[in-house]
Amino acid sequence: MTFGQGLLVAVLAVPALGAVAVAATPRDRAARLVGTVAAALTLLAAVPLVFGGRGWVAWSADAPAVRPWHQLDLPWVPGLELRFHLGVDGISWPLVVLTALLTLLCCAYTMWRVPGGGSGRALVALLLVVEVGILGTFLALDLVLFFLFFEVVLLPMYAIIAGWGGADRRRAARKFALYTLFGSVLLLVGVYVVVAAAGTADLVTLTGGAGMSRGTQLAAFTLLALAFAVKSPLWPLHSWLPDAHTQAPTVGSVVLAGVLLKMGTYGLIRVAVGVAPEGARWAAPVLGVLAVAAILIGSLVCLAQSDVKRLIAYSSVGHMGFVLLGVATLTATGIQAALIGNVAHGVITGLLFFLAGAVKDRTGTGTLAELSGLRETAPRLAGLLAFAAIASLGLPGLAGFWGEAFAVIAAVQVGGPLWTTLGVLAAVGGALTAAYFLRLLRQVTHNRPSPAVGRVGPGLAGAELTAWVPLVLLALAIGLAPTLVLGVAEAPVDALIGVVSR
Amino acid sequence: MTGLLGALLPAVPLVAGLLGLLLPPASRRHGATGGDRARATAVTLGVTGAAGALAVAVALLLTVDGPTETSSTWVDVGGLVVTLGVRLDGAAALVAVAVTAVALAVQVYSIGYLRRGPHDDVDVDHRYPPYAAQISLFTGAMLLVVVAGDLIMLLVGWEVMGLCSYLLIAHDRRLAGAPAAAMKAFLVTRVGDVGFLLGIALLGVSTGSFRIADVLAHDHSHATLTAAGLLLLAGVAGKSAQFPLHTWLPDAMAGPTPISALIHAATMVAAGVYAVARLYPLFTAAPVTLTVLGVLGAITLLLGALAATAQDDIKRVLAWSTVSQLGYMTGALAVGSPSAALFHLLTHAAFKALLFLAAGVVIHAVGTTLMSEMGGLRRSMPVTFWCTVVGLGALAGVPPLAGFWSKDGVLTVAESAALEGTGPAPSWVGWLVWIAGLVGVAITAWYAGRLLLRAFFGAPRLPLVRPHDPPAVLRWPVLLLAVPAALLGLAGFIRAFADRLRFPTVPVAGSEDGLVHLGSGVLLPLAFLLLGAGLVLLGWRRDRAADPAVALGPLRPVFARAFWLDDVQHTLVVRPVRALARAARTGDEVVVDGAVEGSGRAASGLGAGLAALHRAALPRAAAGVLAGALLIGLAAALVGVNR
């Protein structure tokens with residue numbers, strides 16, 4: 001086993017063992033500490049995956065389109081030809097690191113504050129289980145394995161919302177679980193269609209279509225895309241998201257928005273587009289239209305929204321619309337935009353949910369009408385909120401810009417009346433995004449403090465700063481040096497586009 | 001070396017700004033000493049940043065000869081290359097000097113202007129550190145636009161400026177309207193930026209790179225050029241406050257007065273004009289765009305001038321005058337002379353910064369922005385009075401002050417475009433700009449005279465206030481700005497200066513023979529100037545206590561509300577979008593989510609129904625079982641028979 005393979009195993013094993021250790025530690029605070037250490041070790045294992053392994057397959061016409069830097073391929077259920085096949089490349093690595101980072105920050109945040117409803121120990125253990133599922137999804141190179149990890153996430157997330165959430169948590173959790181389960185059924189059928197038609201579940205072999213007939217590809221893409229559209233979420237399959245976000249505890253929202261949604265977009269790029277490129281080309285216009293509808297409708301709903309967390313949840317619908325528009329263009333520029341948009345949305349929306357949670361914890365309300373004047377009583381919190389909102393509205397120079405601007409540019413690049421119109425409408429959506437975030441800031445931070453805000457102190461806890469500062473710095477760093485994400489993704493995206501446009 | 005200076009130019013204030021943001025915002029909970037220390041650090045950072053940038057800009061101006069370009073790849077997004085580099089020429093260096101000089105003046109002036117006065121309630125907290133840091137960021141962003149060698153880099157500076165204007169306009173928390181004005185400034189410019197981004201996208205996709213040099217060198221199709229040019233103009237209209245996206249600028253007066261000086265003189269509004277000059281070959285290649293620009297410029301010019309005549313708020317007069325002067329600049333661009341446009345941009349930066357800072361002194365002294373409450377300040381504030389005279393004279397175009405030469409430059413080019421058809425756009429655009437410009441001269445003289453008479457002459461209308469000239473920290477920036485406001489126009493006679501504003505790529509009339517023109521053509525604008533000034537003086541002579549604006553008669557409320565364009569914008573854009581948003585929310589909750597919830601309810605309802613069916617008493621249950629058995633038996637028999 002090489003060093004890289006060891007890391008791959010460690011990335012999954014450390015949080016899994018960590019979850020067990022947390023559950024086994026009797027004292028609550030000690031257990032949370034164990035969990036935080038496990039999450040930190042996971043991040044330490046995830047970062048060095050970027051080193052080595054690149055260029056071991058020289059480019060040639062028949063080289064596979066997925067060329068992992070490191071991979072581990074073991075037989076698992078030989079009778080069913082299932083393999084335990086993990087690998088990491090430039091498309092998955094940024095998401096792996098993002099997942100590990102956000103989980104670590106959430107665990108660290110839980111050291112300081114446990115939301116009411118259950119023990120901190122159980123919450124941390126569940127967070128680690130969710131992490132295993134998400135990381136496994138990003139690393140799996142076997143379709144069945146991918147499906148398994150995809151499903152692992154569901155129940156612990158349900159438990160987090162139902163256990164530590166707000167007043168209406170059970171209904172929201174049930175809706176989340178049932179709705180995404182509906183997506184999972186489609187995914188299962190899609191996986192079955194692909195495996196049955198191609199005779200293999202290996203994603204490396206499957207990428208490019210593996211000789212599946214056009215009809216099969218159309219069916220497979222439709223099923224897979226629908227499944228991932230529920231997860232992403234793509235309008236009009238998004239309505240589980242606002243409820244789940246509004247009711248979930250802060251750390252739940254952060255993980256949900258930060259990385260859980262990315263399983264959908266990642267799956268769309270790696271599995272749906274990769275495995276059924278012909279289906280992708282066929283469905284691209286529909287996907288593009290729905291993505292732009294998500295941008296516009298998401299932004300408009302935000303403009304009329306009256307609750308902070310719901311507003312941010314709907315903003316996710318709009319932002320993921322930009323990501324999906326990028327994917328739908330099926331160009332290298334578009335996919336690159338989708339990848340960086342994914343990461344940027346994880347960082348920025350994670351930060352936004354942390355801050356919205358902090359505001360809600362301090363004031364006891366999330367209703368916009370009851371919040372105003374935050375910059376008078378808590379200038380630092382207001383400043384951070386302004387930073388996050390501005391990053392989220394896509395200010396050039398911060399992380400959010402690249403994904404949105406280049407999704408628009410990619411649509412213009414495709415050309416033709418349809419895609420040009422989509423590009424224009426998406427750009428208009430950018431202006432609407434600015435409108436609702438400015439409305440949010442104007443309501444929450446400006447004017448005289450409302451009674452709820454008046455009792456807020458200016459101080460920030462150390463744990464809060466620990467959780468937020470890395471995200472602030474990342475939003476700045478990715479904005480100034482987008483190569484951090486795009487540099488590693490260049491080769492795999494080109495390879496993917498190579499097989500899609502073949 | 002030059003390239004390094006170019007990179008340093010935006011970096012110095014940007015770093016100062018980012019460092020400044022880390023300072024604790026002086027909160028009233030801090031002890032006085034802690035707050036004072038943070039304020040002192042912020043002052044040092046802000047002034048050092050601006051002074052450092054000014055030094056770099058001057059060094060650049062002295063060293064740059066001929067276009068210099070540096071470039072390295074920033075990021076490659078699927079084959080579209082975004083570069084990081086500077087593109088420097090004489091014009092860039094001159095604009096950079098103007099930006100940094102005004103920024104330095106504003107930084108110094110703000111120290112005195114934002115000090116807590118004896119009349120302010122204790123609750124007022126000026127929060128100096130973030131304010132000074134935001135000015136630094138603003139300056140840095142504008143300098144980024146000035147030196148940017150890549151369209152995406154330019155866009156970064158362009159939008160960061162929009163953000164800084166938003167933050168700074170909302171700074172004063174005593175004004176209830178400030179947050180709304182700030183939001184409007186950001187949003188209106190952002191709407192324009194939708195076009196700007198799309199224009200950049202078109203050009204970048206057509207070229208395969210966003211580097212300005214590559215974009216200019218590439219052979220675009222005519223359709224691309226026209227579309228991209230028009231889209232870029234949307235962004236330009238937003239930033240440079242051109243009709244119909246000018247509405248944010250007068251409202252932006254809610255910001256502290258030094259901020260108005262910064263926005264109106266050196267940054268933000270200058271960016272749009274500068275960007276067009278920067279990309280000028282693209283626009284000349286698609287003359288339709290310049291035609292549109294000329295029409296918009298002429299409308300803006302007259303609209304701003306007319307609106308300025310009826311304002312009572314001294315800052316709003318100046319704000320509308322900015323709108324009008326920007327019309328001269330875009331008009332100059334439309335008739336083919338970026339040199340004349342940039343020359344007017346530079347002189348305007350000097351005299352408008354001077355006017356705003358002087359107005360700030362007046363406001364500081366009398367505690368109101370309304371001219372109807374001023375009057376007679378000439379005796380009590382002589383320094384301010386003479387500085388304002390210089391500024392207003394330059395604005396109206398009184399020879400030999402700066403504005404006279406640059407405005408004359410614009411009018412000469414427009415005249416030759418009208419009479420000889422030398423402009424890139426059709427000659428009627430020349431006529432339009434020329435006539436609008438001439439009429440504008442008269443109106444400008446009228447409202448400049450009105451401002452002077454209302455504020456500084458006549459009897460004091462607030463007898464309780466004892467106004468006096470400002471302390472040194474406010475006085476010196478004003479005095480120093482009066483020098484270029486008076487003399488910068490004469491720089492047009494200096495060969496080195498004129499050469500730096502020359503655009504080698506632009507084959508236009510008017511620019512061959514230098515920036516300034518002395519000849520019989522000078523007489524016509526002078527006649528219009530005397531007409532405007534004479535009219536206002538006449539009206540004032542008749543009744544010294546009355547506002548000369550009463551002469552406007554029924555037009556006065558029309559001009560005061562700027563032709564109700566704000567209301568039009570509100571009715572045509574804001575209200576429909578809000579209604580649409582409410583409809584979208586309702587639709588989303590009732591239709592989309594309703595379908596989901598409905599299917600959930602339907603499923604559980606169906607389940608409950610089936611469960612109810614299964615709950616039966618023994619006879620019916622037994623009958624059901626038997627019936628089922630019968631059915632299965634029947635089926636088996638039938639299948640068996642058929643086989």
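# Briefing on a predicted two-chain model

Helix H5 of chain B (residues 151-169) has 19 residues, which at 1.5 Å a residue should span 27 Å, and its end C-alpha atoms agree, being 27 Å apart. The expected span is 1.5 Å times one less than the number of residues. Helices (H or I, at least four residues) and strands (E, at least two) are DSSP runs numbered from the N terminus. This is a predicted model, in which local features need pLDDT of at least 70 and side-chain atom pairs count only at pLDDT 80 or more, while totals for chains, interfaces and linings use all residues. Residues are numbered from 1 along each chain as its sequence is written, and chains are lettered from A and ligands numbered from 1 in the order in which they are written.

**Chain B overall**

- Chain B contains 25 helices and four strands.
- Its C-alpha atoms fill a box of roughly 115 × 65 × 55 Å along the principal axes.
- Of the 643 residues in chain B, 57% are buried (20 or more other C-beta atoms within 10 Å of a residue's own; exposed means 12 or fewer, and partly exposed lies in between; C-beta atoms are placed from the backbone).
- Counting contacts in chain B with a separation of 6 or more, 82% join residues 24 or more positions apart; two residues are in contact if their C-beta atoms, placed from the backbone, lie within 7 Å.

**The nonpolar core**

- The largest nonpolar core has 453 residues (such a core is a set of buried Ala, Val, Leu, Ile, Met, Phe, Trp, Tyr and Cys residues joined through C-beta atoms within 7 Å).
- Helix H15 of chain B (residues 338-366) gives the largest share of this core, 20 residues.
- The residues with the most contacts inside the core are A:Val96, B:Val102, B:Ala353, B:Leu354 and B:Ala485.
- Setting aside residues up to four places away in sequence, B:Ala353 touches B:Val102, B:Ala105, B:Ala261, B:Ala265, B:Ala266 and B:Leu481.

**Helices of chain B**

- Helix H14 (residues 314-334) and H15 of chain B have axes that come within 9 Å and cross at roughly 175°. Axes are lines fitted to C-alpha atoms, for helices over the stretch in contact, with angles from 0 to 180 degrees between N-to-C directions.
- The crossing angle makes H14(B) roughly antiparallel to H15(B) (over 145 degrees; under 35 counts as roughly parallel, 65 to 115 as roughly perpendicular and the rest as oblique).
- Where H14(B) and H15(B) meet, the residues on the H14(B) side include B:Leu318, B:Tyr328 and B:Met329, and those on the H15(B) side include B:Leu345, B:Leu355 and B:Phe356.
- Helix H20 of chain B (residues 472-487) has 16 residues that should span 22 Å at 1.5 Å a residue, and the 23 Å between its end C-alpha atoms agrees with this.
- Buried residues in H20(B) include B:Leu481, B:Pro484 and B:Ala485.

**Where the chains meet**

- In the contact between the chains, 44 residues of chain A meet 37 residues of chain B.
- On the chain A side, the elements that give two or more residues are the helices H12 (277-303), H14 (332-363), H16 (379-392), H17 (399-414), H18 (416-445) and H21 (483-500).
- H18(A) supplies the largest share of that side, ten residues.
- A:Phe406 lies in helix H17 of chain A, and it counts as buried because it has 31 C-beta neighbours inside 10 Å.
- Beyond its neighbours within four places in sequence, A:Phe406 is in contact with A:Thr333, A:Gln336, A:Ala337 and B:Val77.
- The C-alpha atoms of A:Phe406 and A:Ile335 are 9.4 Å apart, although 71 residues separate the two along the chain.

**Backbone details**

- Most residues other than glycine have a negative phi, and most peptide bonds are trans.
- A cis peptide bond, with omega about -10°, joins A:Ser232 and A:Pro233; A:Pro233 sits in the loop between helices H9 (214-231) and H10 (240-247) of chain A.
- The peptide bond from B:Pro399 to B:Pro400 is also cis, with omega near 0°, and B:Pro400 is in the loop between H17 and H18 of chain B.
- A:Asn447 has a positive phi, near 65°, and lies in the loop between H18 and helix H19 (451-454) of chain A.
- With 18 other C-beta atoms within 10 Å, A:Asn447 is partly exposed.
- B:Met268 has a positive phi, near 55°, in the loop between helices H10 (257-266) and H11 (269-278) of chain B.
- B:Met268 is buried, with 26 other C-beta atoms within 10 Å.
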